[in-house]
Amino acid sequence: RPDRRAVRELREAEGGFFRGRTWTHPQSEDTPLRDRALPRELFDRLASEPFLCGRNNVGLLPLFTSLMQNNLSPGLRSLTFCREEGEPVLLLTEGEETYRLPLGFGEYKEATLSVRGEQYLVAVRAEFTDDTDAEPILKLDVLFPEMAAARRIRLYYDTDKPTLVLTEQPGRQMMDALVGLFDIMPRAKLLGGIVRSQLEREGIAHRVRTAYEPHLRLGRGTVPTEPEEQEKQR
């Protein structure tokens, strides 16, 4: 029987380790004030109406985690920003389930989510910033410290066609390496030949890229009760 105290201490140590990874951009006292404080006017703009997603099979869980645990997503339906007791929250609806993500501006906030019957510890950090083209975005880092995985979400909100871009760690580089094994492993050469007879290598790379780095066009409006109604509103 596992030692509960030892398991708890291990989880705390793992959580601290993954929150300290360089790609999560840990905060320090030198962090600009705009990154630590919640820009209320910007957040109120996001909270004015829900963002609606078209038909997709993208989920909050990183794709690699979903595949390994056979916990596949029915697709994102909507994102609703709101405040609960004054604290910023994202309500993310996926299929028939809605997940509550506390948004930490300048810090990580933890929560436990039940995703299709499975429990996941998450830590979420939010930041209003600009991308490399100076386009304003809301960036969300969603860490899964127990699985050494993360989902990174970018919301392009200041446009007539809002867009949601999702990436993950580990990402498509891992699948690129696996696809490359078709040319190395003897048994895989036969499989690689079959696959390439139907899809060129560029096609495989494109499918891997779109699966691991999906771009979703969003609408604004009232959250419909059924996915079919949502599709009609777009």
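# Briefing: core, aromatic pairs and loops of a predicted chain

Leu-60, Phe-81, Leu-103, Leu-138, Leu-155 and Leu-164 touch the most other members of the largest nonpolar core, a set of 36 residues. The largest share of this core, five residues, is supplied by β7. A nonpolar core is a set of buried Ala, Val, Leu, Ile, Met, Phe, Trp, Tyr and Cys residues joined through side-chain atoms within 4.5 Å. Buried means under 20% relative accessible area, exposed means over 50%, and partly exposed lies in between (1.4 Å probe, protein chains only). In soluble globular proteins, nonpolar side chains tend to be buried together.

This is a predicted model, in which local features need pLDDT of at least 70 and side-chain atom pairs count only at pLDDT 80 or more, while totals for chains, interfaces and linings use all residues. Residues are numbered from 1 along each chain as its sequence is written, and side-chain values use heavy atoms, with hydrogens and water left out.

**The chain as a whole**

- The secondary structure comprises eight helices and 11 strands; helices (H or I, at least four residues) and strands (E, at least two) are DSSP runs, numbered from the N terminus.
- Of the 234 residues in the chain, 41% are buried.
- Among contacts between residues at least 6 apart in sequence, 49% join residues at least 24 apart; a contact means heavy atoms within 4.5 Å.

**Aromatic pairs**

- There are five aromatic pairs, counted where rings of Phe, Tyr and Trp (its six-membered ring) have centres within 6.5 Å; planes under 30 degrees apart count as stacked, over 60 as edge-to-face and the rest as tilted.
- The pair of Phe-51 and Phe-81 is edge-to-face because the ring centres are 6.2 Å apart and the planes stand at 90°.
- Phe-51 belongs to strand β1 (residues 51-53) and Phe-81 to strand β2 (residues 76-84), so this pair ties together parts that are 30 residues apart in sequence.
- Phe-51 is buried at 1% relative accessibility, and Phe-81 is buried at 3%.
- Phe-105 and Phe-128 form a stacked pair, with 5.7 Å from centre to centre and 15° between the planes.
- This second pair links distant parts of the chain, since Phe-105 is in strand β5 (residues 104-105) and Phe-128 is in strand β7 (residues 118-130), 23 residues apart.
- Phe-105 is buried with a relative accessible area of 9%, and Phe-128 is buried at 5%.
- Phe-43, Phe-51 and Phe-81 form one aromatic cluster.
- Arg-220 lies over the face of Phe-51, 3.9 Å from the ring centre; a charge sits over a ring if NZ of Lys or CZ of Arg is within 6 Å of the ring centre and within 35 degrees of the ring normal.

**Strands β3 and β4**

- Strand β3 (residues 87-94) and strand β4 (residues 97-102) run antiparallel and are joined by six bridges; two strands pair if DSSP finds at least two bridges between them.
- Thr-93 stands opposite Thr-98 in β4.
- The hairpin of β3 and β4 has two residues between the strands, and Gly-95 in this hairpin takes a positive phi near 65°.

- Leaving aside residues up to four places away in sequence, Leu-60 touches Leu-76, Leu-92, Glu-94, Tyr-99, Leu-101, Leu-113, Val-142, Phe-144, Arg-151 and Ile-153.
- Lys-139 is found in strand β8 (residues 136-144) and is buried, with a relative accessible area of 17%.
- With residues up to four places away in sequence not counted, Lys-139 touches Arg-125, Ala-126, Glu-127, Thr-129, Ile-153 and Arg-154.

**Loop residues**

- Glu-85, in the loop between β2 and β3, has a positive phi near 55° although Glu-85 is not a glycine, and is exposed at 84% relative accessibility.
- Ala-148, in the loop between β8 and β9 (149-156), likewise has a positive phi near 55° in a residue other than glycine, and is partly exposed at 37%.
- Ser-73, in the loop between α4 (63-69) and β2, is buried with a relative accessible area of 16%.
- The side chain of Ser-73 makes a polar contact with the side chain of Glu-94 at 2.8 Å, and a polar atom of the Ser-73 side chain lies 3.2 Å from the backbone oxygen of Val-58.
- A polar contact is a pair of N or O atoms within 3.5 Å; within protein, one must be able to donate a hydrogen and the other to accept it, and residues adjacent in sequence count only if both atoms are side-chain atoms.
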